[in-house]
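Colleague: I am new to this structure and would like to learn how to read the packing of helices and the cavities. Could you take me through them with care?

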Amino acid sequence: MLPSTLSSVVLLITKALDAEGLDSKEILKRAGLDPAHLNDPNARYSYPAVTHLWKMAGKVSGDPCFGLKAASYWHPTTLHALGYSWLASDTLEDALQRAARYIRLVNTAANAVFEETDLGYMFRISIDKSVRNVVQPANEAIDAGVALILDMCRSCYGSDLNPIRIEVRRPKPDKCAKIFEELFRAPIYYEYPENAIYFDKADISQRLPTGNAELARSNEKIIVDYLARLDKNNITTQVKSKLLDLLPSGHATEDAVIQALHMSQRTLQRKLKEEGTTFKELLDETRQELAKEYVNDTSLSFSEITYLLGFSEQSNFTRAFKRWQGQSPSAYRNQMRMTG
């Protein structure tokens, strides 16, 4: 399947072009993109064509900081359901983990990693090497991506959030480096292998006033279902989508998933092996992701969480949670209350 980008990303470009008094629809057509798809929030454009559009937009606008300007027009729907799930996350750590997990929703050519490093907690985003060898990412797209991520973090945390460090693949801009510095408010390192933002642990682990566990979960389900429809060859996403449906019933078994996906056990196991995972690992991973969100939601009792995660006994849930988080559900909930 050819790599693709959400139409809402292209909408950012058109808004920035229109603000410059340029004919965005005509420029889209010249880039080989149909402007009519902008009215469909689920539509997608070819990633190579969108990359071409970014480069064209930077050139016709004459603005070396065009990507930063385009990012300023972001809206939660720019990232589809990921935008709302992000903004409803309990912490920036949760938000960035979601972004890393579901970046393919926005761009199927993109990969993202969120992890702890010696420099701080790092969110790194890159384009598949196989795609990058054919289509080099546009500097404007890199600028917009980093600016949008940081602005979304600030919208949750507060405008005083400053990253520790920023690394970008693009060369240092000749005419607007000062604007980069003023916006990012962190040391910027140009011409790095990948694009990355580093955050302080204290900042990203702080409880956010905008957190809404129920809203975050409902939008995450929309993301998983969308990805399952988008890439029917990705069996991992297909299984996860079915697990989210089956867990509260207490029947999230391999047999139940096999029946839902209309395939044999041997086929399911083979396809999961090809993607580097197993049914047991996916079940554990899905429960772990949901468990943190459920425990953070103080409106849910631990017995309710046990049911929602498909455990037969609360003691089984407690043991699993200790294995995942290193502490009991009650201790974790109390810790989150103290940092809130």
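Colleague: Which residues of α12 meet α13?

Modeller: Contact means heavy atoms within 4.5 Å, and in this predicted model Ile 235, Gln 238, Val 239, Lys 242, Leu 243 and Leu 246 in α12 meet Ala 256, Val 257, Ala 260 and Leu 261 in α13. By class, this contact of α12 with α13 has eight nonpolar, one polar and one charged residues, where Ala, Val, Leu, Ile, Met, Phe, Trp, Tyr, Cys and Pro count as nonpolar, Asp, Glu, Lys and Arg as charged, and the others, Gly among them, as polar. Residues are numbered from 1 along each chain as its sequence is written, and local features need pLDDT of at least 70, with side-chain atom pairs counted only at pLDDT 80 or more, while totals for chains, interfaces and linings use all residues. Side-chain values use heavy atoms, leaving out hydrogens and water.

Colleague: At what angle do helix α12 and helix α13 pack?

Modeller: Helix α12 (residues 235–246) and helix α13 (residues 254–261) pack at about 115 degrees, their axes 10 Å apart, the axes being lines fitted to C-alpha atoms over the stretch in contact and the angles running from 0 to 180 degrees between N-to-C directions. The two helices α12 and α13 are therefore roughly perpendicular to each other, a term for angles of 65 to 115 degrees.

Colleague: What lines the second largest cavity?

Modeller: A cavity is a set of points on a 1 Å grid where a 1.4 Å probe fits but cannot get out, and lining residues have an atom within 4 Å of a point. Phe 123, Ile 125, Val 146, Ile 149, Asn 195, Ala 196 and Ile 197 line the second largest cavity, and β7 gives the most to that lining, with three residues.

Key: Helices (H or I, at least four residues) and strands (E, at least two) are DSSP runs, numbered from the N terminus. Angles under 35 degrees count as roughly parallel, over 145 as roughly antiparallel, 65 to 115 as roughly perpendicular and the rest as oblique. On a 1 Å grid over the protein atoms alone, a cavity is a set of points where a 1.4 Å probe fits but cannot get out, and a pocket is an open set with protein on both sides within 12 Å along at least five of seven lines; lining residues have an atom within 4 Å of a point.
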